[in-house]
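Please examine the structure shown below.

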Amino acid sequence: MMTLCIRYTLDVSKLADFEAYARALQAPVERCGGTFVAYYLPTKIAGPTNTALGLIDVPDLASYERYREKLMSDPDAAACLRRAETAGCILNEDRSFVRRIPD
């Protein structure tokens, strides 16, 4: 199992827009072959207040490629992205993979 780790840099005045994006993305992610682990918003308690994290599991790299292809053609995913782009809540995305240590 691989986990796609997406680190977002956000416009802090538009956190509600990003939260709506993250919530709306769950169904398309699952429909397109990913497993929605969680999205995390920043807090004012500690750490950067403009960084969010999204985690999506995929079985392997080939599955990830199929997932991305499906996601890019999914109408609901496209609508989510358009809303986020219109809102201007996402300033940057940084994608990487991490591997979970099995239980």
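The largest pocket has a volume of about 250 Å³. A pocket is found on a 1 Å grid over the protein atoms alone, as an open set of points where a 1.4 Å probe fits, with protein on both sides within 12 Å along at least five of seven lines; its lining residues have an atom within 4 Å of a point. Grid points are joined across faces, edges and corners, and the volume is the space filled by probe spheres set on the points. The lining consists of 16 residues, of which Tyr21, Arg68, Leu71, Leu81 and Arg95 lie nearest the centre of the pocket. Two or more lining residues come from each of β1, α1, α2, α3 and β4. The largest share, four residues, is given by α2.

The model is predicted: local features need pLDDT of at least 70, side-chain atom pairs count only at pLDDT 80 or more, and totals for chains, interfaces and linings use all residues. Residues are numbered from 1 along each chain as its sequence is written, and side-chain values use heavy atoms, with hydrogens and water left out.

Helix α2 comprises 13 residues, 61-73, which should span 18 Å at 1.5 Å a residue, and its end C-alpha atoms, 19 Å apart, agree with this. The expected span is 1.5 Å times one less than the number of residues. Which residues of α2 are buried? They are Ser63, Tyr64, Tyr67 and Leu71. Because these cover an arc of only 100° around the axis, they lie on the same side of α2. The arc is that of the directions from the helix axis to the C-beta atoms. Buried here means under 20% relative accessible area, exposed means over 50%, and partly exposed lies in between, with a 1.4 Å probe and protein chains only. The face of α2 turned away from the buried side carries the exposed residues Glu69, Met72 and Ser73.

The buried residues of α2 pack against β1 (2-10), α1 (15-31), β3 (51-58), α3 (75-87) and β4 (90-98). Contact means heavy atoms within 4.5 Å.

Helix α3 can be read in a similar order. It has 13 residues and reaches 18 Å from its first C-alpha to its last, close to the 18 Å expected at 1.5 Å a residue. Its buried residues are Ala77, Ala79, Cys80 and Ala84. They are placed on the same side of α3 because they cover an arc of only 160° around the axis. On the face turned away from that buried side are the exposed residues Pro75, Glu85 and Thr86. The buried residues of α3 pack against α1, α2 and β4. Asp74 caps the N-terminal end of α3, a side-chain oxygen lying 3.0 Å from the backbone nitrogen of Asp76. After α3 comes Gly88, whose phi is positive, near 75°.

The strands may be approached through individual residues. Ile90 belongs to strand β4. Its C-alpha atom is separated by 6.1 Å from that of Thr9, 81 residues apart along the chain. Leaving aside neighbours within four places in sequence, Ile90 is in contact with Tyr8, Thr9, Leu10, Phe18, Tyr21 and Ala84.

Thr3 lies in strand β1, and Asp57 in strand β3. Thr3 counts as buried because its relative accessibility is 5%; Asp57 counts as buried because its value is 7%. The side chains of Thr3 and Asp57 make a polar contact of 2.4 Å, and another, of 2.9 Å, joins the side chains of Asp57 and Arg100. A polar contact is a pair of N or O atoms within 3.5 Å; within protein, one must be able to donate a hydrogen and the other to accept it, and residues adjacent in sequence count only if both atoms are side-chain atoms.

In strand β2 (residues 35-40) lies Ala38. Ala38 is buried, with a relative accessible area of 15%. Beyond its neighbours within four places in sequence, Ala38 is in contact with Leu53, Gly54 and Leu55.
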